[in-house]
Amino acid sequence: MEKSLFLKTCAGEVTSTKPVWMMRQAGRYLPEYREMRAKFPNFLEFVANPEAAAEVTVQPLRRFDLDAAILFSDILVVLAPMGISVEFISGKGPQVKSPVQSYRDIQGLSTFDSSKELAYTRKAIELTKQQISKETPLLGFVGGPLTVASYAIEGQTSKALAHTKRLYYQDPGAYHEFLDKMATDLGTYLSLQADWGCDALVIMDSWAGALSAEDYQKMAYPYTQKLISIAKKAGKPIIHYANGAGHLIENILQLEATAFGLDFRNDLSATLNKNPNTIFQGNLEPALLFAPVETIQEKTLEILEQVNNRPHLMNLGHCVLQETPLEVVQAFIKTIKNYKA
Ligand code: CP3
């Protein structure tokens with residue numbers, strides 16, 4: 001296949017037009033997503049339905065000139081096969097019934113075979129590939145080991161990771177064993193997504209920013225690197241995204257990923273200047289999509305001018321927000337596609 005803009009960029013090629021995709025591009029800001037979602041009161045059943053997942057994956061590509069599709073799924077689908085039961089409760093987000101709290105809890109977790117227990121992902125990938133053009137790469141993803149483990153330990157979304165840090169300081173042996181299991185299981189699952197047809201792989205470490213640089217080095221980095229070394233064998237580009245992690249950037253850039261997502265808080269030009277040979281992704285403030293179209297165009301052009309001479313994956317600096325108007329998403333993408341250096 002002729003290499004797409006997206007894959008050229010991942011290979012380090014400077015293209016005059018930059019590829020663009022958005023985190024959570026399949027989601028609640030799209031009316032057609034909300035319509036499908038209404039048919040599945042249970043979010044995890046929605047994700048595990050390959051026809052529905054493929055349909056929702058393709059929806060944003062019908063509307064916008066996007067350079068990649070991202071498989072509709074969730075970072076928490078791996079928990080149930082490990083023996084950690086999770087539910088998505090409207091208004092509350094993910095809820096784990098019996099959070100992981102001790103060495104004993106960790107010993108009791110299942111070793112699972114993602115090719116069997118997450119076989120619906122394979123089917124969703126196959127169905128999606130039938131519906132998108134051969135030139136459009138499909139992205140598979142997992143959460144970072146720290147982030148996924150934090151949901152299991154905290155029992156819900158937590159910005160402070162108090163229980164996770166407590167487990168690490170009280171019982172480091174248990175913590176490390178859990179993270180090691182996460183790294184292995186997530187790495188295996190991510191590399192299977194590549195074997196099943198995904199063209200590039202994303203790791204979303206949403207809560208890495210809750211750690212100090214010193215703790216990140218011990219609590220997260222070795223496990224994300226282990227995940228990467230397993231997934232790398234599949235031979236596909238790997239994009240690492242960490243949220244709120246500007247203070248960890250030097251450590252993060254040592255990971256053997258192909259490209260690094262910067263969140264909206266990062267000073268893009270300073271980071272680019274410091275790292276002339278690294279491929280980055282991002283980082284328009286998602287809330288900026290509530291500004292007038294001219295402001296969105298202006299800020300998008302500002303990024304384009306900074307990355308003009310390098311390979312760069314255009315994206316928001318975190319997930320697209322739920323109430324984002326469709327016209328402004330269109331304006332953001334059009335500005336990128338019409339840009340002439
Ligand atoms: O990006 C995409 O379009 C692909 C699909 C995708 C979803 N979740 C679908 C989803 C991806 C890549 C994710 C990743 C994910 N899931 C992350 C990492 C990215 C980030 O947000 O930093 C995290 C932390 C999760 C965990 C998660 N999933 C939470 C906390 C929630 C609830 C949040 C809420 O607003 O209710 C989800 C649910 C979820 N995952 C939704 C979508 C579209 C919303 C569900 C709905 O329709 O009600």
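Predicted model: local features only at pLDDT ≥ 70, side-chain atom pairs only at ≥ 80, totals over all residues.

Biologist: How far is a polar side-chain atom of Ser206 from an oxygen atom of the ligand?

Modeller: Polar contacts are pairs of N or O atoms within 3.5 Å. Asp74 makes one, with a polar side-chain atom 2.6 Å from a nitrogen atom of the ligand. His318 brings a side-chain N or O atom to 2.7 Å from a ligand oxygen. For Ser206 and a ligand oxygen, the distance is 2.5 Å.

Biologist: What share of the ligand's exposed area does the protein bury?

Modeller: Take the ligand alone to begin with: it exposes 880 Å². With the protein in place, the buried part of that area is 87%.

Biologist: Where is Arg24, and what is its phi?

Modeller: Most residues other than glycine have a negative phi. Arg24 sits in the loop between helix 1 (5-10) and helix 2 (31-38). It is not a glycine, yet its phi is positive, near 60 degrees.

Biologist: What is the phi of Leu161?

Modeller: Leu161 belongs to the loop between helix 9 (145-154) and helix 10 (162-170). This residue is not a glycine either, and its phi is positive. The value is about 55 degrees.

Biologist: In what order do the seven strands of the open sheet run?

Modeller: The pairing in this sheet is parallel. Strand 1 (69-70) and strand 9 (312-313) each have a single partner strand, so one side of each is left without a neighbour in the sheet. Those two are the edges.

Biologist: What angle does helix 13 make with strand 5?

Modeller: Strand 5 (residues 200-205) pairs in the parallel sense with strand 6 (residues 238-242), over five bridges. Leu201 stands opposite Ile238 there. Helix 13 (residues 221-232) packs on the sheet and touches strand 4 (138-143), strand 5 and strand 6. Its direction and that of strand 5 make an angle of about 170 degrees.

Biologist: Which residue in the hairpin of strand 2 and strand 3 takes a positive phi?

Modeller: Strand 2 (residues 86-89) and strand 3 (residues 93-96) are antiparallel, with four bridges. Val86 has Val96 as its bridge partner, and Glu87 has Gln95. Three residues lie between the strands. Among the residues of this hairpin, the one with a positive phi, near 85 degrees, is Gly91.

Biologist: How many residues apart are Phe43 and Phe72?

Modeller: Phe43 is in helix 3 (residues 43-47). Phe72 is in the loop between strand 1 and helix 5 (79-82). The pair links distant parts of the chain, 29 residues apart.

Biologist: Is the peptide bond from Gly282 to Asn283 cis or trans?

Modeller: Most peptide bonds are trans. Asn283 lies in the loop between strand 8 (279-281) and helix 16 (293-307). Omega for the bond from Gly282 is near -10 degrees, and the bond is cis.

Conventions: Residues numbered from 1 in each chain as written. Heavy atoms only, no water. Pairing = 2+ DSSP bridges. Contact = heavy atoms within 4.5 Å. Axes fitted to C-alpha atoms, helices over the stretch in contact; angles between N-to-C directions. Polar contact = N/O pair within 3.5 Å; in protein donor to acceptor, adjacent residues only side chain to side chain. Areas by Shrake-Rupley, 256 points an atom, 1.4 Å probe, with all protein chains shown as cover.
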